[in-house]
Protein chains: 2
Amino acid sequence: MNFQKKLDKIIAKNNSLLSIGLDPDKNIIPNHLLSIDPLFEFNKAIIDATFDLVCVYKPNTAFYEAYGIKGIESLKKTIEYIKSAHPEIPIIADAKRADIGKTSEKYAKSVFDYFGCDAVTVNPYLGLDSIEPFLKYKDKGIIILCRTSNPSASDFQDLMIDNNPLYIHVARKVVEWDKKYHNCLMVVGATWPEQLKEIRKIAPEMFFLVPGIGSQGGDLKKTLQFGLTKNRSGLIIHSSSAIIYASDEKDFAQKAREVAKALRDEINKER
Amino acid sequence: MNFQKKLDKIIAKNNSLLSIGLDPDKNIIPNHLLSIDPLFEFNKAIIDATFDLVCVYKPNTAFYEAYGIKGIESLKKTIEYIKSAHPEIPIIADAKRADIGKTSEKYAKSVFDYFGCDAVTVNPYLGLDSIEPFLKYKDKGIIILCRTSNPSASDFQDLMIDNNPLYIHVARKVVEWDKKYHNCLMVVGATWPEQLKEIRKIAPEMFFLVPGIGSQGGDLKKTLQFGLTKNRSGLIIHSSSAIIYASDEKDFAQKAREVAKALRDEINKER
């Protein structure tokens with residue numbers, strides 16, 4: 001099944017636009033998990049407690065690569081666990097990759113063929129030929145950075161070109177690419193609701209992955225007001241540390257569930 | 001020793017501005033190497049045949065990630081081999097990473113603390129706070145994409161902002177960041193010598209990593225003419241497939257040496 005269909009189905013089933021980040025950090029995860037494979041054990045507990053509340057899980061590759069080969073093993077195990085226990089939930093590899101074409105082919109091979117993820121985040125700076133090897137996986141979702149949630153996003157993304165900032169030019173290109181490949185999404189940070197509004201005008205139907213709610217201070221209400229599509233969907237609202245680190249005690253998974261449920265329900269109130 | 005000093009020393013010792021890419025591909029490497037760890041065996045043969053001709057080795061992470069955990073193991077082993085057999089040769093992780101600050105910290109941890117590389121390539125699209133966690137490793141080289149060598153580089157990098165293309169704005173920011181951190185370099189493709197000339201004006205002393213010679217058709221003569229600094233240095237001229245795949249027979253390492261030596265000498269003729 002292609003990513004978009006899988007996503008629409010789980011949004012309906014779980015009545016949720018919520019993405020949970022699987023970004024385990026040994027310095028933060030509860031002490032009692034510091035056993036053989038703490039990253040996996042932590043993720044598994046979070047997944048077991050939240051699988052009926054999410055529309056995607058989004059592991060960020062950096063959090064695994066930081067621990068070298070052992071970390072990558074935990075990532076692989078986590079993905080395999082989701083695919084076997086909850087095959088209906090799409091997995092986004094938040095990898096922010098891109099390189100010249102023949103190299104991007106290798107990255108695409110890694111996230112899709114080796115890890116078996118359903119979608120990936122990519123960086124647009126190198127242009128179309130750096131993203132095309134991903135786009136050619138027609139059943140996968142290709143999520144292109146447009147306006148990111150971090151404070152320095154403005155360094156380049158806001159530079160004005162013919163009366164429009166760079167991120168608007170990126171959004172227009174993504175819409176153009178999507179006409180050919182039909183599998184594009186964009187990353188638009190919740191920390192910039194006005195920009196989200198502009199980007200929604202350019203891509204009225206496209207799904208956006210929206211990080212920045214929670215610890216980064218994004219505005220949920222405005223995000224939904226400006227970002228929802230006409231059919232009250234089109235957003236994947238992402239939260240990571242506010243959910244997975246809601247508690248560092250033995251009850252962390254239960255607390256994660258409570259925070260996740262509250263956020264899912266808060267989102268649904270505005271839909 | 002910091003990256004810049006290590007680089008200057010090996011340039012003098014090997015009389016070379018040549019970077020060789022360690023980008024092994026099981027579909028291309030000679031059949032007789034398809035044994036237990038073909039990626040490592042291939043790299044080791046290339047290294048053993050060329051270590052006195054290069055100023056850096058540059059493994060591209062994508063070529064290892066494509067093979068999953070086994071590939072990452074080969075990368076780790078390759079880096080360890082260079083560090084033990086030829087500790088004087090700097091290793092650039094061509095990873096093109098960048099994410100929001102707390103995530104970039106994890107990537108920096110991976111390339112510098114876990115893999116022990118001397119330098120890394122990063123993507124500027126997310127702005128300073130996405131690059132700062134790398135810059136804070138003061139002894140490492142942080143190589144920021146400016147004007148890349150691929151045909152689609154023009155999609156965004158050439159967009160005009162106040163009469164200057166985006167890549168010029170990136171170059172200016174990098175020069176600004178370098179004033180604080182003193183460890184910045186830039187990627188400038190050999191396929192765009194005129195752009196290289198402009199960027200050299202903005203950063204007269206900075207080292208540039210220059211891919212695109214060889215299979216991508218970059219112009220070596222113009223690259224050197226426009227790119228060398230006043231002291232006839234400042235460029236890391238990168239070549240990968242033209243050297244490492246010079247032959248697919250048993251003599252591949254010897255042939256790689258011949259091509260590498262010819263390119264090193266051709267570069268030196270113009271210095």
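This is a predicted model: local features need pLDDT of at least 70, side-chain atom pairs count only at pLDDT 80 or more; totals for chains, interfaces and linings use all residues.
## Strand S8 of chain A

Strand S8 spans residues 184-188 of chain A, and since five of its five residues are buried, the strand is largely enclosed by the rest of the structure. A residue is classed as buried if 20 or more other C-beta atoms lie within 10 Å of its own.

## Partners of S8(A)

S8(A) is paired with strand S5 (residues 141-147) of chain A, to which it runs parallel, and five bridges join the two. Within S8(A), A:Val187 has A:Leu145 standing opposite.

A parallel pairing also links S8(A) to strand S9 (residues 208-210) of chain A, here over two bridges. In S9(A), A:Phe208 is the residue that stands opposite A:Met186. Between S8(A) and S9(A) the chain passes through helix H9 (residues 193-202) of chain A, forming a β-α-β crossover that is right-handed.

## Chain A as a whole

The secondary structure of chain A comprises twelve helices and ten strands. Its radius of gyration is 18 Å, close to the 18 Å that the globule rule gives for 271 residues, and chain A is therefore as compact as a globular protein of that length. Along the principal axes, the C-alpha atoms of chain A fill a box of roughly 55 × 45 × 35 Å.

Of the 271 residues in chain A, 57% are buried. Among the contacts in chain A with a separation of 6 or more, 71% are between residues 24 or more positions apart.

## Relation between the two chains

Chain A is superposed on chain B by a rotation of 180 degrees with 0.0 Å of shift along the axis, and the RMSD is 0.0 Å. This is the relation of a two-fold axis. In chain A, the C-alpha nearest the axis belongs to A:Ile161, at 2.6 Å from it.

The copies meet through the same surface, because 100% of the interface residues of chain A are also interface residues in chain B.

## Composition of the interface

Contacts between the chains involve 46 residues of chain A and 46 residues of chain B. On the side of chain A that touches chain B, at least two residues each come from helix H3 (62-65), helix H4 (68-85), helix H5 (101-114), helix H6 (128-135), helix H7 (154-157), strand S6 (160-161) and helix H8 (166-181) of chain A. H5(A) supplies the largest share, seven residues.

Sorted by class, this side of chain A has 22 nonpolar, 14 polar and ten charged residues.

## Surroundings of B:Pro165

In chain B, strand S7 (residues 164-165) contains B:Pro165. This residue has 19 C-beta neighbours inside 10 Å and so counts as partly exposed.

When neighbours within four places in sequence are left aside, B:Pro165 is in contact with B:Gln157, B:Asp158, B:Leu159 and B:Met160. B:Gln195 is 30 residues from B:Pro165 in sequence, and the two are 9.8 Å apart in space, C-alpha to C-alpha.

How values were computed. Residues are numbered from 1 along each chain as its sequence is written. Chains are lettered from A and ligands numbered from 1 in the order in which they are written. Copies are superposed by least squares on the C-alpha atoms of residues with pLDDT of at least 70 in both. Two residues are in contact if their C-beta atoms, placed from the backbone, lie within 7 Å. Helices (H or I, at least four residues) and strands (E, at least two) are DSSP runs, numbered from the N terminus. Ala, Val, Leu, Ile, Met, Phe, Trp, Tyr, Cys and Pro count as nonpolar, Asp, Glu, Lys and Arg as charged, and the others, Gly among them, as polar. The radius of gyration is taken over C-alpha atoms; the globule rule is 2.2 Å times the number of residues to the power 0.38. A residue is buried if 20 or more other C-beta atoms lie within 10 Å of its own, exposed if 12 or fewer, and partly exposed in between; C-beta atoms are placed from the backbone. Two strands pair if DSSP finds at least two bridges between them. A crossover is right-handed if, with the strands pointing away from the viewer, the path from the first strand over the helix to the second runs clockwise.
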